[in-house]
Amino acid sequence: MSQSPQSNGGVGVEVRGLRKSFSGQSVLKGINLSIKPGEILVVMGASGSGKTVLLKHIIGLEEPDAGEILIAGEPISCANVFEKYRFGMVFQSGALLNSMTVAENVGLYLTEHRLGNPAEIARRVKETLSLVDLHNIEGKYPAELSGGMKKRVAIARALIIEPQIMLYDEPTSELDPLSAVTISEEILSLNQRTHVTSVVVTHDRDLAFGVADRIAIIDRGEVLLVGTPEEIRQSANDVIKNFINADFRKDRK
Amino acid sequence: MFQNIGEMLRLLWRTIKLLPDAWSQRRKVFEQLFEIGNASLLMACILSIFIGGVIALQTGPVLRERGLVAVLGGLVGLSMAKELGPVMMSVLIAGRIGSAMAAEIGSMAAYQEIDALRTMNINPVRFLVLPRVLAICIALPMLVMFSILVGWIGGAMVSSMNHDISVSFESYMNNLRQVVELRDVMNGLFKSLVFAGVIGVVSCHQGLNTIGGPRGIGRSVTKAVVNSIVLILILDYFLTRFLMIFDK
């Protein structure tokens, strides 16, 4: 690994009474969560339980029907929150700009915010790509990359922002087990290097129990339990037990 | 419908407010200009030569019967400059470029690329809409100018080669020069500038509001083209009425 990106450390996130409906269907029903600065919080839950919608609220892509999100105590609706704090998000699909090369994608934040001359941006892109173990792919287009490489480029693109809050939406979905382990290691090492506050939405139990400081289980738009991985394992709640112990065996009766 | 128009006007206003940032987007503006020119120049040439030709073909014999064939150059000249050049080119560009804009931005919206821009605190209007609207507002008047000139030549070729018309190239051009004034051409260019804004804003608005996958993108493209053409034809009437004030 080469030089790590600088960071001012993570900031706290507070979710208070968050409610959201789409076409009359209630997706979030009064979510309350407190995420400490520098913590890795993993949000788990069945498909359609509202995890991604929660993530989109935390980064301001959705407006709540009721409730609020506070970033270091300031409502996210304040105009200057996105100027004051740096956010990074790794989308489930990667969401790389397909018309741009890897280097242009990773350097986009720096280019658009004019944070350096082209040579300096190229150097930082190379460095950041090497942090996620990607080398000599600057000139490639997203369509030429494998799923795992796309995810790592997406992490590099978020990493170059030197985020204080990092959000991951299903970072290991569609990946083989080895790539999933690499991504999990990236999430952990980034958190250890920069103390970024991380929120990880996932179904992947290995990832969740491997990286989480705390896990929040969401079911049908409500938080069932927030606790350390050990507390979640020992929970007596049937929904949680079923979710974390779900297994399939061909010969099971 | 009215909500859409309101949203489009808001998008137009947000784009105008970002004009001071245009220099920082110059690379994208040039890319778009190249794209528009590359995609439309040949089609514009073919379309214009035949439009000019067909006006001459339709009106020439009728004018000759009435002994008015000498005014054919002026008739084709005015038609191309004030109406057919700007309207036909705008319809062509709405179909060729507006659809591409809606599809590209729509696909970015459908695959969360626009959300990714927002998370990087990059304004999608400055990044995507401004360069496209600016490029089309520069390119369309230039294409219309080209179309008018080619249309005049198309008319001249048909007038001189068709035996039922038989107007020489020189007398056609002389009449055209006597009748068509600079302000007539400016009139057409002004219309094309307004139409360019309509195509750019309508197409980008449809693209940004794409929901769903490929079907959503398809819907946005269709709406972008249809709405642009309908608005161009409606605005054409009102712009013509407005510009007639300056003809008096």
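1. Helix axes here are lines fitted to C-alpha atoms over the stretch in contact, and the angle between two of them runs from 0 to 180 degrees between N-to-C directions. Keep that in mind for α7(B) and helix α8 (residues 214-247) of chain B: their axes cross at roughly 150° and come within 9 Å. Angles over 145 degrees count as roughly antiparallel. That makes α7(B) and α8(B) roughly antiparallel. Their crossing is right-handed. The contact of α7(B) with α8(B) holds 14 nonpolar, seven polar and five charged residues.

2. A caution before going on. This is a predicted model.

3. Now the overall build of chain B. The chain has eight helices and zero strands. Along the sequence the pattern reads α-α-α-α-α-α-α-α. Taken along the principal axes, the C-alpha atoms of chain B fill a box of roughly 70 × 35 × 35 Å.

4. Two packed helices are described by the angle between their axes and the distance between the axes. Take helix α3 (residues 72-110) and helix α7 (residues 182-208), both of chain B. They pack at an angle of about 15°, and their axes are 8 Å apart. Angles under 35 degrees count as roughly parallel. The pair α3(B) and α7(B) is therefore roughly parallel. Here too the crossing is described: α3(B) passes α7(B) in a right-handed one. In the contact of α3(B) with α7(B), 15 residues are nonpolar, nine polar and four charged.

5. How are helix α1 (residues 2-17) and helix α5 (residues 124-161) of chain B set against each other? The angle is about 90°, with the axes 10 Å apart. Angles of 65 to 115 degrees count as roughly perpendicular. So α1(B) is roughly perpendicular to α5(B). From α1(B), the contact uses Leu11(B), Arg14(B) and Thr15(B); from α5(B), it uses Val125(B), Val129(B), Leu130(B) and Val133(B). By class, the residues of the contact of α1(B) with α5(B) are five nonpolar, one polar and one charged.

6. Next, the interface. Between the chains, 22 residues of chain A are in contact with 17 residues of chain B. The area buried between chain A and chain B is about 1,700 Å². Carbon and sulfur atoms give 57% of that area. Which three residues supply more than any other three of the area that chain A buries against chain B? They are Leu61(A), Leu97(A) and Glu112(A), with 28%.

7. Between chain A and chain B the count is two salt bridges.

8. Side chains of opposite charge can pair when their charged atoms come close. Over all chains, the count comes to 20 salt bridges. Within chain A, Glu138(A) forms a salt bridge with Lys126(A), and the closest N and O atoms are 4.0 Å apart. Glu138(A) lies in the loop between α4 (118-131) and α5 (147-159) of chain A, while Lys126(A) lies in helix α4 of chain A, so the pair ties together parts that are twelve residues apart in sequence.

Methods:
Residues numbered from 1 in each chain as written. Chains lettered and ligands numbered in written order. Predicted model: local features only at pLDDT ≥ 70, side-chain atom pairs only at ≥ 80, totals over all residues. Heavy atoms only, no water. Helix = DSSP H or I, 4+ residues; strand = E, 2+ residues; numbered from the N terminus. Left-handed = near helix turned anticlockwise from the far one by under 90°. Nonpolar A, V, L, I, M, F, W, Y, C, P; charged D, E, K, R; others polar. Contact = heavy atoms within 4.5 Å. Buried area = accessible area lost by both parts, 1.4 Å probe. Salt bridge = Lys/Arg side-chain N within 4 Å of Asp/Glu carboxyl O.
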